[in-house]
Each structure stands twice: as structure tokens, then as C-alpha cells.
Amino acid sequence: MREIMLQAVPNQRIDVSVGGVAWRIDIKAITGGMAASVWADNELLISSTRILANSLILPFKYLSIYGNFIIDSGGKPTDWRLFGRSQS
């Protein structure tokens, strides 16, 4: 597992290369939580999916053949204000 640092800002884009795949993850603040859009090698895999506490961001196995992501939120709803502190 590889940890990717998140900034404590409501909307952010992360570009990272993992396992030979160029990933782009957009994280947005929405009412009552956070949402993510994910690209792998410039192919949109999922758009504006709600990020659930300690759940995989790509919810379907066929989308996650190159990998997947999770925000460790300690069981609490994801909150950008806690990124880098109690959520990673």
C-alpha cells in the first residue's frame, strides 16, 4: 500500500504514478461529505462518486484492475478539514 498525502483544502487534484499507471484523482467537498472522480491513464473510470468512510473509492472490481484508493477516516465521515491530521 502507498500513502498519498492530501491537503486540508476542500477541492484538490492529485496526479500520481503508481504501478506504471498515471492516476488523476479529483476530490471535491459536497454537502455532507466528499466526492471523487478518478482517471487511469487519461481514461475516466468514475465521476463524482461519494467517498464513504473506509470504503474503496472505485466501488466495482472491473474498475479497479490497476488499483484502488481509500481514505482512512477513522470510521468518521470524510472531511477535508481533517486531511493530513486524522484522515489520510
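I class a residue as buried under 20% relative accessible area, as exposed over 50%, and as partly exposed in between, with a 1.4 Å probe and protein chains only. By this rule I record F60 as partly exposed, because its relative accessible area is 45%.

**Entry: the model.** I note that this is a predicted model, in which local features need pLDDT of at least 70 and side-chain atom pairs count only at pLDDT 80 or more, while totals for chains, interfaces and linings use all residues. Residues are numbered from 1 along each chain as its sequence is written, and side-chain values use heavy atoms, with hydrogens and water left out.

**Entry: the sheet.** I looked up the strands, which are DSSP runs of E with at least two residues, numbered from the N terminus. Four of them form an open sheet in the order 1-2-3-4, with antiparallel pairing; two strands pair if DSSP finds at least two bridges between them. Strands 1 and 4 stand at the edges with a single partner strand each, so one side of each has no neighbour in the sheet. Neighbouring strands are turned by 15 degrees against each other on average, direction ignored; the axes are lines fitted to C-alpha atoms, and angles run from 0 to 180 degrees between N-to-C directions. I also noted a general point: strands of a sheet pair through backbone hydrogen bonds, either parallel or antiparallel. Strand 2 is joined to strand 3 (residues 33-40) by eight bridges, and the two run antiparallel. I found I27 opposite A36 in strand 3.

**Entry: T49.** Which residues does T49 contact, apart from its neighbours within four places in sequence? I list M34, A35, A36 and I57, where contact means heavy atoms within 4.5 Å. T49 belongs to strand 4 (residues 43-50) and counts as buried because its relative accessibility is 17%.

**Entry: aromatic pairs.** I found two aromatic pairs in the structure. Rings of Phe, Tyr and Trp (its six-membered ring) pair if their centres lie within 6.5 Å; planes under 30 degrees apart count as stacked, over 60 as edge-to-face and the rest as tilted. W23 and F69 form an edge-to-face pair, 4.9 Å centre to centre with 85 degrees between the planes. W23 lies in strand 2 (residues 21-30) and F69 in the segment after strand 4, so this pair ties together parts 46 residues apart in sequence. Both W23 and F69 are buried. F60 and Y62 form a stacked pair, at 5.9 Å centre to centre and 20 degrees between the planes. Y62 counts as exposed because its relative accessibility is 61%.

Notes: Helices (H or I, at least four residues) and strands (E, at least two) are DSSP runs, numbered from the N terminus.
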